[in-house]
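User: Hi! I am new to reading protein structures. Could you walk me through this one?

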Amino acid sequence: MAATSDWRPEDATAKRIANHKEQALTEANPITGGCLCGGVRFTYSGELGGSLGLVTLCHCGQCRKVTGFAVAVVPARMAGFAITQGRDLVREYESSPGKFRAFCGVCGGPIYSRRASLPEALRLRLGVLDNPPADLKIQAHIFTEGAPAWANTDDAPRYPGEEPGRP
Ligand SMILES: [Zn+2]
Ligand SMILES: [Zn+2]
């Protein structure tokens with residue numbers, strides 16, 4: 001890269017995070033989402049990330065057990081969240097004292113997590129959103145210490161479909 005300015009990667013990162021803090025990611029509101037089997041459906045209106053906190057990919061051991069890899073999470077407000085279908089299918093598992101992970105009781109798909117101590121907040125799972133805002137991106141990897149070597153996928157090649165050679 002030509003040294004034509006004093007641009008540094010860390011400046012860009014700080015600026016990007018600052019921008020997210022200033023402007024809520026609301027362009028695609030209302031957002032809809034649902035579980036794998038389609039039994040649970042929800043809508044969300046309001047701020048995502050931004051002043052509520054960073055969009056993260058969590059590599060902790062609990063998230064690994066839930067999905068087989070990691071969990072992508074965006075902070076949201078409980079007030080903007082509404083289950084529109086399948087409320088009776090939603091199960092909550094208390095994975096830590098006072099922390100509940102909600103999922104569909106039919107397909108097992110994760111939906112959100114919440115803390116009893118923060119009733120106004122929830123943390124939506126990115127993968128269940130139908131129409132995520134285009135600027136909604138992972139801003140931080142968290143709990144990376146202790147993650148197995150296979151969880152560091154950044155150098156692996158990417159394919160639009162199945163990998164070559166699958167039987
Ligand atoms: Zn389901
Ligand atoms: Zn986690």
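Analyst: Happy to! Let's begin with a definition: two strands pair if DSSP finds at least two bridges between them. Helices (H or I, at least four residues) and strands (E, at least two) are DSSP runs, numbered from the N terminus. Here, β8 and β9 run antiparallel and are joined by two bridges. One thing to keep in mind is that this is a predicted model, where local features need pLDDT of at least 70, side-chain atom pairs count only at pLDDT 80 or more, and totals for chains, interfaces and linings use all residues. Residues are numbered from 1 along each chain as its sequence is written, while chains are lettered from A and ligands numbered from 1 in the order in which they are written.

User: How many helices and strands does the chain have?

Analyst: The chain has two helices and 10 strands. Along the sequence, they follow the pattern α-β-β-β-α-β-β-β-β-β-β-β.

User: In what order do the strands form the open sheet?

Analyst: In general, strands of a sheet pair through backbone hydrogen bonds, either parallel or antiparallel. In this model, seven strands make an open sheet with mixed pairing, in the order β6-β7-β8-β9-β4-β3-β10. At the edges are β6 (90–96) and β10 (140–142), each pairing on one side only.

User: What joins β4 to β9?

Analyst: Five bridges do, and the two strands run antiparallel. Ala76 stands opposite Leu122 in β9, and Pro75 has Arg123 of β9 as its bridge partner. Ser113 also stands opposite Arg123. As for β8 and β9, they form a hairpin with five residues between them.

User: Is β9 mostly covered or uncovered?

Analyst: A residue is buried if 20 or more other C-beta atoms lie within 10 Å of its own, exposed if 12 or fewer, and partly exposed in between, with C-beta atoms placed from the backbone. By that rule, β9 is mostly covered, with four of its five residues buried. For the chain of 167 residues, 24% count as buried.

User: Which residues have the most contacts inside the largest nonpolar core?

Analyst: In soluble globular proteins, nonpolar side chains tend to be buried together. A nonpolar core is a set of buried Ala, Val, Leu, Ile, Met, Phe, Trp, Tyr and Cys residues joined through C-beta atoms within 7 Å. The largest one here has 26 residues, and Val71, Val74, Ala76, Ile111 and Leu124 have the most contacts inside it. The largest share of this core, five residues, comes from β4.
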